Amino acid sequence: MPILAKPRVVEKFKSFLDYIRKNDGHIGTKQRGLDMNLNNACNLRCKHCFTNSPKGDHVKDVLPPEKIADIADQADKLGIFEWDLQGGELLLRPEMLFETLKAIRTERFYMYLTTNGYYLDQAMAEKLAEAGINRVSVSIDSIEAKEHDEFRGKEGSWAKAIEALKHVKAVGMSPYLNITVGHYNAQSEEIDALFKYSKDQGYTTLVNVATPAGMWQKMSEIMVDEADKAHLIQLRKKYKNVLRNIWNPFGKDDEAILGCNTVNRLYVTPLGDVLTCPYVHIKIGNVYQQSLKEISEFGFSIKYFREHSALCLAGEDKDFVSRFLSTPGTSIFNPVDAREIFPPEDIRQG
Amino acid sequence: MSTKEKYDNAFIESFSVEASALGDALEYNTIPEWDSIGHMTLVAALEDAFSVSMETDDIIELSSYAKGKEILKKYGVEV
């Protein structure tokens, strides 16, 4: 179902666009999206997994459909227009996934699925499109099959991912080639080759910068530096099909920054905890205890999430990472509580 | 810049295509760049070019290069 067949999505998206333009091109405190880890089980063992799925963390927990329906209603009222379903690997349990999509009522959101692509064959792609998925982000780490397979811990995973994107495109969903870029690969020829491949195939390249979280906790050396970031901008200008959530996707300026999307894109775990972002493992509420509105308002009361940041807090702001994201043992299932980690002067009262 | 040039420019810059790609055959989803994000980028470009604010129904109807010209007439823009 294309976005043009989802009037409610167009309405909310336009509201977002109008806000951005009135706010100097910045995302400010406008709600944008919801990233939901529906279930943390996965068939791969990726080295950089931020959810600790390779460790078997909470692989049985899942949010029930009735709770998801309630979250969806609240998200719609808040003006949230994007919904990214992720895991783990959700195509491991397709019945659960399709039940969830029904509960969400996909006609209200620009829906996407983030997947490793292993189980995404033509038949599955058709079912996803039928269920209202607009876009599928398939994670690929290298143009070389062997490197990708080694990174993901399963032989054959690259070939499946490559094929998955073709199926996504064939059925009319938007194919996004999802790349994690860190200091270790940002300026490599391999990354350029992968960007070129994505462009040649007619995909969108979605860049996620590597973050010292999950399996890579404390590994701040993987974070991109200024030269890496400048190189990513050059790739954006060269290929024209490159997106990052922190970049302004509208307008002519290839260097325009929307700002860090913490709280603008809420991250909900299978336990119902709400974190400010998939990579910032700081909890601002739980959907079983507060409304999304209350949680968002609290999130934006914290200055780091309210004020504009031109840096991705989890992937580019070493000071923020050092001060607030370095508690040992932190994970999406054991996040630090915002009320405990931020001093009172950093939280707007009232 | 003429109205037609402004109109064409909106498509060229939004989708990073050449002028030769423009024409009645250009529709939503016929090129990779004209996906959902591309569509809203185009809307932003047209609104900026012609200082208009489009209604939701018109944004939905804006499904082709040809259709866009019809829609802009509602906003007093003759392409």
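This is a predicted model: local features need pLDDT of at least 70, side-chain atom pairs count only at pLDDT 80 or more; totals for chains, interfaces and linings use all residues.
Trainee: How many Å should helix H2 (residues 36–50) of chain B span, and how far apart are its end C-alpha atoms?

Mentor: Count 1.5 Å a residue: the 15 residues of this helix should then span 21 Å, and the end C-alpha atoms are 21 Å apart, so the two agree.

Trainee: Is H2(B) mostly covered or mostly open?

Mentor: Mostly covered, with 11 of its 15 residues buried. Among them are B:Ser36, B:Met40 and B:Leu46. The cover includes H1, strand E3 (110–115) and strand E5 (174–181) of chain A, along with helix H1 (3–15), helix H3 (56–61) and helix H4 (65–73) of chain B.

Trainee: How many residues does each chain bring to the contact?

Mentor: As a general idea, interface size is often given as the accessible area lost when the parts come together. Here we can count residues: chain A gives 19 and chain B gives 17. On the side of chain A, helix H1 (residues 7–22) supplies the largest share, 6 residues. That side divides into 10 nonpolar, 5 polar and 4 charged residues.

Trainee: Now the sheet in chain A. Which strands stand at the edges?

Mentor: The open sheet has 11 strands in the order E7-E6-E5-E4-E3-E2-E1-E8-E9-E10-E11, with mixed pairing. Strand E7 (242–243) and strand E11 (336–337) each have a single partner strand, so one side of each lacks a neighbour in the sheet. E11(A) pairs with strand E10 (residues 282–286) in the parallel sense over 2 bridges, and A:Ile282 stands opposite A:Val336.

Technical notes
Residues are numbered from 1 along each chain as its sequence is written. Chains are lettered from A and ligands numbered from 1 in the order in which they are written. Two residues are in contact if their C-beta atoms, placed from the backbone, lie within 7 Å. Helices (H or I, at least four residues) and strands (E, at least two) are DSSP runs, numbered from the N terminus. Ala, Val, Leu, Ile, Met, Phe, Trp, Tyr, Cys and Pro count as nonpolar, Asp, Glu, Lys and Arg as charged, and the others, Gly among them, as polar. The expected span of a helix is 1.5 Å times one less than its number of residues. A residue is buried if 20 or more other C-beta atoms lie within 10 Å of its own, exposed if 12 or fewer, and partly exposed in between; C-beta atoms are placed from the backbone. Two strands pair if DSSP finds at least two bridges between them.
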